[in-house]
Number of protein chains: 2
Amino acid sequence: MINTAGPRHPLPVITQPAVCCSPLIGRILDGAAAERLASALKALAEPTRLRLISLVAAHDGAEACVCDLTDPVGLSQPTVSHHMKVLVDAGLLEREQRGKWAYYRLVPGALNALADQLATGIGR
Amino acid sequence: MINTAGPRHPLPVITQPAVCCSPLIGRILDGAAAERLASALKALAEPTRLRLISLVAAHDGAEACVCDLTDPVGLSQPTVSHHMKVLVDAGLLEREQRGKWAYYRLVPGALNALADQLATGIGR
DNA sequence: ATCATGCATCGACAACTGTCAATGCTTGTG
DNA sequence: CACAAGCATTGACAGTTGTCGATGCATGAT
């Protein structure tokens, strides 16, 4: 038997403080919203990509090209290119071709937007 | 040839505003830190788990047992149990056995902590 | 003690993902 | 034009992951 109404089981009156107001808290995520948030998070949920983001942000002018990143990350150029594409597709990085080089920058506010989606208003 | 020093290429004097101060921005993530952050994010980067978190938070008393979740999520009980374990292991949910039921709650502040790690201080 | 219920674990399988070497494309240079 | 350099794309492969049915383990009720 499945209980769809809620805990109608031994419930020692646990009344949590009214904690609310995030995409995750306060309302129930439908499938589509969950898919979108998840795919954005998937782009971040990878050690190499986290390091790439941090390397780009820490680089001179807050931008970097692939040849600046392969060495610090210790991976092949195709692999780095692949990760950069994932981050661009996720809207976290932007790419600009300048001569032979492709420069990558953080999309301003993108990380913040993601962070807000995770926790806006929770316990603040 | 690899350019490890930075863009010594055609650089049209792009001086970004001083945007800083997050685990991702402002300092470079080492491998270990990247691994830890990534594994926490991996737990979240899945549509079903996002929905489970939101369902738990929206449930009466901000807690729910597995039998409350299988139906809304439309997956088998073993699959839901598996996802809940992933979320508990990631420190996002806590589990309490009460009689025959296992109740899951949000770990207070866990989502916020993750969100802060993503974007603390960026552009604020 | 026996049985039913709620949940976890196991084994299996398909789908996805990170990685590389090889190759192709584009831009700047001799 | 030919060549080199930077980057993207392709194909391949191993490792990971989401899912399920079957099974096992507790707990509470009869």
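Predicted model: local features only at pLDDT ≥ 70, side-chain atom pairs only at ≥ 80, totals over all residues.
Is Thr48(A) buried or exposed? Its relative accessible area is 16%, and the cut-off for a buried residue is under 20%, so Thr48(A) is buried. Setting aside residues up to four places away in sequence, Thr48(A) touches Val73(A), Leu75(A) and His83(A).

Chain A contains five helices and three strands. Read from the N terminus, the order of the elements is α-α-β-α-α-β-β-α. Of the 124 residues in chain A, 48% are buried. If one takes the contacts in chain A with a separation of 6 or more, 52% of them are between residues 24 or more positions apart.

I turn to the sheet of chain A. In what order do its strands lie? The three strands form an open sheet in the order E1-E3-E2, with antiparallel pairing. Strand E1, residues 63-65, and strand E2, residues 93-98, are the edge strands of chain A, each pairing on one side only. From one strand to the next, the twist averages 30 degrees. Between E1(A) and strand E3, residues 101-106 of chain A, there are three bridges, and the sense is antiparallel. Within the sheet, Ala64(A) stands opposite Tyr104(A) in E3(A).

Helix H2 of chain A, residues 47-58, packs on this sheet and touches E1 and E3 of chain A. The direction of H2(A) makes about 95 degrees with that of E3(A). Helix H3 of chain A, residues 66-73, lies across E1 and E3 of chain A, and H3(A) runs at about 85 degrees to E1(A).

Strand E3 of chain B, residues 101-106, has five of its six residues buried, so E3(B) is largely enclosed by the rest of the structure. Strand E1 of chain B, residues 63-65, pairs with E3(B) in the antiparallel sense over three bridges. Cys65(B) stands opposite Tyr103(B) in E3(B). Strand E2 of chain B, residues 93-98, runs antiparallel to E3(B) and is joined to E3(B) by six bridges. Which residue of E3(B) is the bridge partner of Arg95(B)? That partner is Tyr104(B). E2(B) and E3(B) form a hairpin with two residues between them. In the turn, Gly99(B) has a positive phi of about 65 degrees.

Next come the helix pairs of chain B. Helix H2, residues 47-58, and helix H4, residues 77-89, have axes that come within 10 Å and cross at roughly 80 degrees. Since angles of 65 to 115 degrees count as roughly perpendicular, H2(B) and H4(B) are roughly perpendicular to each other. On the H2(B) side, the contact is made by Thr48(B), Arg49(B), Leu52(B), Ile53(B) and Val56(B). H4(B) contributes Val80(B), His83(B), Met84(B), Val86(B) and Leu87(B). By class, the residues of this contact divide into seven nonpolar, two polar and one charged.

The other pair consists of helix H1 of chain B, residues 31-44, and helix H5 of chain B, residues 110-119. Their axes are 11 Å apart, and the helices pack at an angle of about 125 degrees. That angle makes H1(B) oblique to H5(B). In what sense do the two cross? H1(B) passes H5(B) in a left-handed crossing. Leu37(B), Ala40(B), Leu41(B) and Leu44(B) of H1(B) meet Leu111(B), Leu114(B), Gln117(B) and Leu118(B) of H5(B). Here the contact residues comprise seven nonpolar, one polar and no charged.

Technical notes. Residues numbered from 1 in each chain as written. Chains lettered and ligands numbered in written order. Heavy atoms only, no water. Axes fitted to C-alpha atoms, helices over the stretch in contact; angles between N-to-C directions. Helix = DSSP H or I, 4+ residues; strand = E, 2+ residues; numbered from the N terminus. Parallel < 35°, antiparallel > 145°, perpendicular 65-115°, else oblique. Left-handed = near helix turned anticlockwise from the far one by under 90°. Contact = heavy atoms within 4.5 Å. Nonpolar A, V, L, I, M, F, W, Y, C, P; charged D, E, K, R; others polar. Pairing = 2+ DSSP bridges. Buried < 20%, exposed > 50% of the residue type's maximum accessible area, 1.4 Å probe, protein only.
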